[in-house]
Number of protein chains: 2
Amino acid sequence: METLVVGSVAYDAVKTPHGAVDRMLGGSATYFALAASYFAPVRVVGVVGEDFSDDDLAVFHRRGVCTAGLERAPGKTFFWAGEYSPDMNDRRTLDTQLNVFADFQPKIPEAYRGTPFLFLGNIDPGLQRSVQEQMNGPEFVAGDTMNFWIERRREALAETLRGLHTLVINDAEARMLSGGYNLIAAARKIQEMGPPTVVIKRGEYGALLFSGSRVFCAPGFLLEQVHDPTGAGDSFAGGFVGALAECGAADDAALRRAMIYGSVMGSFTVERFGVERLRGLTRAEIDARYRAFRDLTSFD
Amino acid sequence: METLVVGSVAYDAVKTPHGAVDRMLGGSATYFALAASYFAPVRVVGVVGEDFSDDDLAVFHRRGVCTAGLERAPGKTFFWAGEYSPDMNDRRTLDTQLNVFADFQPKIPEAYRGTPFLFLGNIDPGLQRSVQEQMNGPEFVAGDTMNFWIERRREALAETLRGLHTLVINDAEARMLSGGYNLIAAARKIQEMGPPTVVIKRGEYGALLFSGSRVFCAPGFLLEQVHDPTGAGDSFAGGFVGALAECGAADDAALRRAMIYGSVMGSFTVERFGVERLRGLTRAEIDARYRAFRDLTSFD
């Protein structure tokens, strides 16, 4: 089933212990769309500037992603620069230039409004809400948020949360949003805020799924080389929502499979810089890694 | 099959955000023995002082643990005091009084020398080696170590490692011992030092098994309340080695099951202070939590 993502399309400058890139395609909607494209037809709503190159647009098109909702505005594309710590568990933002993203007002094209699977990337919760209002009642809505909105836009965020089926956030954000340290208690509290399903990402340690009263733990995939963690969480979300859209269901079994496909996509992304690995995968490679996750976790 | 553990039997003072206890039964051999006792007959070699109480000795006997190798020496029992950080991921040692443990020279009783499963708790690697030399070729030898021995007794440790089937250490120790950050590379390097199997504990995130070229990931069990993390790692080791001893095998399937039983025992220990939870479990409770681990990790 079709999947729509609303979020940032950006240029990133990234420095890790394995190298540095001055300018490469990035942004939450980009990673999400490319990851989800291996599972379902994907549509992107976002904004880029006049500097956005045809080559980068072609990255979406080669993966069959529809960019009819990717607006081109006067000015420059959102730019982010960051540097990772030696163990890559922390990163420092060196520069953020919102550019055309500062005035982003998502407009959902008429043809997109019936899209059954929707992912609200990490943007102002008021804008997330406006996207939901423009849609014709999607079957499944997942969303992301971050510390900035939790601290400064708590009321708008509360309203957005009431409309979500699944919130996908990291452990620090779950603790901040719930006000507690324990992740079970944090998830329960967030479930009471609206979304019946909460996914908590734990970086290299994998991700947890809280679905009703059940819990599922997806491990982090062990890699000998992690080159660039940028986009791992958005790739996870793309694999997760994409896998649900592929089977058109969101029951417990489908959610668990989707957690593993999300982990698979995140694990590929970090193997190279930016979207380099993600843009050129095959479904056979993805399914082979899915089986590797089974081998990593199965016991009698 | 019978299992022998050599290590510390101690009194601990522990402070966590959930309370404080001035003096309670502790020590690596204690946690190991009680955890392993649910799976196999256990024998303890260690030393206590004149202050060691009959009530505490009875804790071992009620679990059927043989203490014929638990020497009583003039002086006081090893005492450790520590305080945990608010999130309980760090702890600070407030006091260490080695007492009778300072001159501990493990003597393996004649009747113990043929014990088929052996666990060398975290003591001087020279003493670990002397234990191995007193034994009549056990079928399976696992061992633990710590930063102190890695830094100061590297050569003696290298000799001990050559005699181990399995090394059970935590992630920070694995990185220190191997000199690298990546855990796959660290495990490979440690395997080259001797033990064909390496278990790396990651605290609340679970544990990894590197067995030949295969990897298995046991998740940390999610608990709403963690009261005292003391002894979790030693309880893990006790459940791990005990489960292997129970089935008398150490092939990949047995090792994976043992990883889960180890995780089960560690998860029980942290629910209460000291050995309170561990001393009074039933096998039915243990097997129910084993099934809960399956529910936590299984997917189509």
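Guide: A cavity here is a set of points, on a 1 Å grid over the protein atoms alone, where a 1.4 Å probe fits but cannot get out. Its volume is the space filled by probe spheres set on the points, and grid points are joined across faces, edges and corners. Rolling a probe the size of a water molecule over the atoms shows where empty space is left.

Some ground rules come next. This is a predicted model, in which local features need pLDDT of at least 70 and side-chain atom pairs count only at pLDDT 80 or more, while totals for chains, interfaces and linings use all residues. Residues are numbered from 1 along each chain as its sequence is written, chains are lettered from A and ligands numbered from 1 in the order in which they are written, and side-chain values use heavy atoms, with hydrogens and water left out.

Chain A supplies R202(A), Y205(A), C217(A) and P219(A) to the lining of the largest cavity. Chain B supplies R202(B), Y205(B), C217(B), A218(B) and P219(B). Lining residues have an atom within 4 Å of a point. By class, this lining has 7 nonpolar, no polar and 2 charged residues. Ala, Val, Leu, Ile, Met, Phe, Trp, Tyr, Cys and Pro count as nonpolar, Asp, Glu, Lys and Arg as charged, and the others, Gly among them, as polar.

The search of the whole structure finds 2 cavities of 30 Å³ or more. The second largest cavity holds about 30 Å³. C217(A), P219(A), T297(A), C217(B), P219(B) and T297(B) line this second space. Its lining divides into 4 nonpolar, 2 polar and no charged residues.

Next, a residue with a contact across the chains. F210(A) lies in strand β12 (residues 207-211) of chain A. Strands (E, at least two residues) and helices (H or I, at least four) are DSSP runs, numbered from the N terminus. F210(A) is buried at 2% relative accessible area. Buried means under 20%, exposed over 50%, and partly exposed in between (1.4 Å probe, protein chains only). Neighbours within four places in sequence aside, F210(A) contacts L222(B) in chain B. In chain A, its partners include L183(A), I184(A), A187(A) and V215(A). Contact means heavy atoms within 4.5 Å. G233(A) is 23 residues from F210(A) along the chain, and their C-alpha atoms are 17 Å apart.

E276(B) and R272(B) make a salt bridge, with closest N and O atoms 3.8 Å apart. Salt bridges that share partners also join R214(A), D252(A), R256(A) and D295(B) into one network. A salt bridge is a side-chain nitrogen of Lys or Arg within 4 Å of a carboxyl oxygen of Asp or Glu. The structure holds 38 salt bridges over all chains.

R92(A) and E83(A) meet at 3.2 Å, N to O, in a salt bridge. R92(A) is exposed at 52%, while E83(A) is partly exposed at 24%. In chain B, R113(B) bridges to E110(B) at 3.4 Å. Here R113(B) is partly exposed at 26%, and E110(B) is exposed at 62%.

Now a strand in chain A. T3(A) and V5(A) point one way from strand β1 (residues 3-6), L4(A) and V6(A) the other, and all are buried. β1(A) runs parallel to β8 (residues 117-120) of chain A over 4 bridges. V6(A) has L120(A) as its bridge partner in β8(A). β1(A) is also joined to β4 (residues 42-48) of chain A, in parallel, by 4 bridges. V5(A) has V44(A) as its bridge partner there. Two strands pair if DSSP finds at least two bridges between them.

Last, a loop in chain B. A40(B) sits between α1 (28-36) and β4 (42-48). A40(B) is buried at 8% relative accessibility. G242(B) is 202 residues away along the chain, yet the two C-alpha atoms are separated by 5.7 Å. Residues up to four places away in sequence aside, A40(B) touches M1(B), T3(B), G242(B), A245(B) and E246(B).

Terms used: On a 1 Å grid over the protein atoms alone, a cavity is a set of points where a 1.4 Å probe fits but cannot get out, and a pocket is an open set with protein on both sides within 12 Å along at least five of seven lines; lining residues have an atom within 4 Å of a point.
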